[in-house]
Amino acid sequence: MALSQDDEAANDYGTAFHSKGRQGLPQAMNGFGLKIIAHLNAARRDPAAWLAAAWWYILGKRLRARTRFAAMLGATPQAYRLWLLDEPAPPVDRSASVQIVVLLEAGEGDSNTVQCAMEQGACAYAIRDGSLNDVVNCIDWSGDPWIMPLRAGDRLHANAISVYRRAASTTCATVLYADDDLMDRHGRRHSPHFKPSWNAELHCHFDYLTGACMVRVDAAETSRAAEAGAGWAERLLAAALASPGALPERIPHVLHHRQERKDAVDHGRLVSESAALPKVPVPKVTVIVPTRNRLDLLSTCIGGLERTDYPDFEVVIVDNGSDDPATLEWLAGLDSRRFRVLRDDGAFNFSRLNNRAAQIAEGEVLCLLNNDIEIVDPGWLTAMVQQALRPEVGAVGAQLLYPDGRIQHAGVVLGICGGAAHAHRFLRPDDLGYFRRHALPQFVSAVTAACLVVRRSRFEAVGGLDEERFAVAFNDVDFCMRLNARGWQSLYEPRARLIHHESVSRGFDRDPEGAARFAAELEALKALWGTGDFTKDVDPFHHPQLSRYSELFSVRAGD
């Protein structure tokens with residue numbers, strides 16, 4: 001989690017250890033002592049949660065305890081300093097013959113950065129008002145150089161140029177980017193940004209590259225950026241992104257130490273409050289709602305559908321063995337012109353129920369919807385369908401909230417605890433979170449089938465949900481991964497917001513049979529998609545230096 005310097009200064013336990021050392025650690029401090037301090041902070045912030053995790057640990061429920069501890073420790077001011085104790089060294093290749101030109105906005109500390117770049121074999125120039133045009137003429141363009149624009153006062157990792165050069169020597173991309181952190185006036189590093197692999201949709205709403213990347217552009221493009229004046233770094237990046245070639249590539253190491261970066265809060269507010277989706281013609285949708293009894297939930301869900309502002313949709317209710325007289329009477333009284341009831345008395349199999357309904361669907365687009373979803377925004381379906389119609393998009397998921405207003409779903413991350421988990425769970429929509437990722441539309445590895453929109457043709461192309469291996473759990477993750485493999489990427493759309501009364505109608509699997517089934521489905525997910533391999537970066541939209549035990553994008557604090 002990104003922590004500001006103010007957070008660190010306000011911490012009673014942590015400030016005592018800021019007095020010595022470049023990273024704010026006295027020579028005698030070690031990882032064990034720092035972790036104790038982090039635990040003290042976590043216990044002070046949320047005593048009940050910390051005690052519960054400790055009790056689980058004592059009872060031998062180590063995975064559950066580790067998951068809770070990871071989230072709490074990752075939110076402490078000590079998290080990044082714990083990580084820095086074991087910061088992985090980036091791969092260096094000093095033999096690669098790639099020309100790199102650093103263009104640094106002039107400001108305080110620019111001489112140190114220029115010198116660092118030159119010592120690593122790069123050409124470097126401090127750009128002052130109006131001088132970029134002059135520099136363009138000094139660059140040797142015959143060597144097809146890479147251009148690295150940097151902000152005033154930003155500094156480079158001691159091996160940054162060598163690491164970039166190594167990556168550039170083997171890529172066809174026109175953009176290479178790395179992780180960054182902030183550095184205070186005392187040279188202490190904080191607030192890291194561990195970035196996802198290239199995420200075009202996220203970048204449309206939040207520029208997470210400028211100031212921590214290098215681009216392959218020519219002299220003409222650089223001159224045009226210079227003529228535009230302020231914002232030339234962004235224009236160079238835009239030119240590189242517009243050129244044909246491979247997608248931007250990530251170097252998953254902190255190579256940039258910055259004085260400041262763009263505020264993700266403003267980006268999140270822009271998207272959630274004012275950015276509208278383009279208006280396009282929308283096709284007929286079939287909404288599929290599996291249910292069993294629980295008329296209170298079902299009537300709320302259907303009432304929300306009746307208030308939904310969408311021109312043409314039908315609803316197929318899959319009745320999985322309801323025996324409550326009031327529910328059966330209510331289902332029989334529905335308007336048959338818009339609602340169809342499909343009876344299925346078999347054992348609960350979420351995949352089968354949705355697949356059966358999809359076979360009789362009349363809509364060009366399918367919407368899988370749990371009966372415990374409460375619809376509060378009449379425009380939710382239009383927003384999701386417009387995204388699902390994009391040629392590169394597969395499944396689209398909404399932002400789902402618990403009844404108390406906290407986030408239940410903001411996309412799915414692979415590999416959490418060896419399986420998959422909902423990203424940013426328990427944050428509130430207005431929280432900063434991890435660079436406001438929960439508030440921004442973006443590509444994700446998967447979305448939940450509690451509210452999922454997909455073209456019917458694409459649903460059918462991958463064979464629908466897997467009834468054999470994923471009867472109840474992880475069927476949506478597997479489905480999304482099969483879509484992704486066909487080039488139809490899953491997308492999270494926070495402008496569609498609904499309330500999810502999670503698992504209220506079916507309950508949780510606490511019996512031995514349910515636990516065994518869940519374990520088998522988890523093993524199937526690991527076997528098919530490698531989610532249990534902790535040595536690999538299994539989710540490209542997460543990061544290997546973020547905890548695999550936390551849904552909150554927490555820094556690995558002693559994992």
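Predicted model: local features only at pLDDT ≥ 70, side-chain atom pairs only at ≥ 80, totals over all residues.

Which residue lies over the face of Tyr-57? I looked it up: Arg-62 does, at 4.0 Å from the ring centre.

I found another case with Arg-548, whose charged end sits over the ring of Phe-534, 4.3 Å from its centre.

**Entry: the whole chain**
The protein chain comes to 19 helices and 20 strands. Of its 559 residues, 57% are buried. I also checked contacts with a separation of 6 or more: residues 24 or more positions apart account for 77% of them. The chain exposes about 23300 Å², and carbon and sulfur atoms supply 52% of that area.

**Entry: salt bridges**
The count is 31 salt bridges. I looked at a few of them.

Asp-537 and Arg-250 meet through their side chains, 2.7 Å from N to O. This pair links distant parts of the chain, 287 residues apart: Asp-537 is in the segment after α19 (512–529), and Arg-250 is in strand β8 (residues 249–258). I checked the cover on both ends. Arg-250 is buried, because its relative accessible area of 16% is under 20%. Asp-537, with 34%, is partly exposed.

Arg-425 bridges to Glu-551, with the closest N and O atoms 3.0 Å apart. Arg-425 lies in the loop between β17 (420–422) and β18 (442–444) and Glu-551 in the segment after α19, so the bridge ties together parts 126 residues apart in sequence. Glu-551 comes out at 19% relative accessibility and counts as buried, while Arg-425 at 22% counts as partly exposed.

Glu-521 is buried, with 3% relative accessibility.

I also traced salt bridges that share partners: Asp-154, Asp-180, Lys-195, Arg-258 and Arg-261 are joined into one network.

**Entry: His-257**
I found His-257 in strand β8. Buried or exposed? His-257 counts as buried, at 8% relative accessibility. Its side chain makes a polar contact with the side chain of Asp-181, at 2.9 Å. Leaving out residues up to four places away in sequence, I see His-257 touching Asp-154, Arg-155, Leu-156, His-157, Asp-181, Met-183 and Arg-189.

**Entry: helix α8**
How many of the 9 residues of α8 are buried? I get 8 for this helix, which spans residues 160–168. Among them are Ile-161, Val-163, Tyr-164 and Arg-165.

**Entry: rings**
I have 13 aromatic pairs in the structure. One of them is Tyr-80 with Phe-194, edge-to-face at 6.4 Å centre to centre and 70° between the planes. Tyr-80 sits in helix α5 (residues 79–85) and Phe-194 in the loop between β6 (189–193) and α9 (200–205), 114 residues apart. Both of these residues are buried.

Trp-198 and Tyr-208 form a tilted pair, 6.4 Å centre to centre with 40° between the planes. Trp-198 lies in the loop between β6 and α9 and Tyr-208 in the loop between α9 and β7 (213–215), so this pair ties together parts 10 residues apart in sequence. I have Trp-198 as buried at 17% relative accessible area, and Tyr-208 as buried at 2%. Which cluster do they belong to? Tyr-177, Trp-198, Phe-206 and Tyr-208 form one aromatic cluster.

Notes
Residues numbered from 1 in each chain as written. Heavy atoms only, no water. Salt bridge = Lys/Arg side-chain N within 4 Å of Asp/Glu carboxyl O. Helix = DSSP H or I, 4+ residues; strand = E, 2+ residues; numbered from the N terminus. Buried < 20%, exposed > 50% of the residue type's maximum accessible area, 1.4 Å probe, protein only. Contact = heavy atoms within 4.5 Å. Areas by Shrake-Rupley, 256 points an atom, 1.4 Å probe, with all protein chains shown as cover. Polar contact = N/O pair within 3.5 Å; in protein donor to acceptor, adjacent residues only side chain to side chain. Phe/Tyr/Trp six-rings, centres within 6.5 Å; stacked < 30°, edge-to-face > 60°. Lys NZ or Arg CZ within 6 Å of the ring centre and 35° of its normal.
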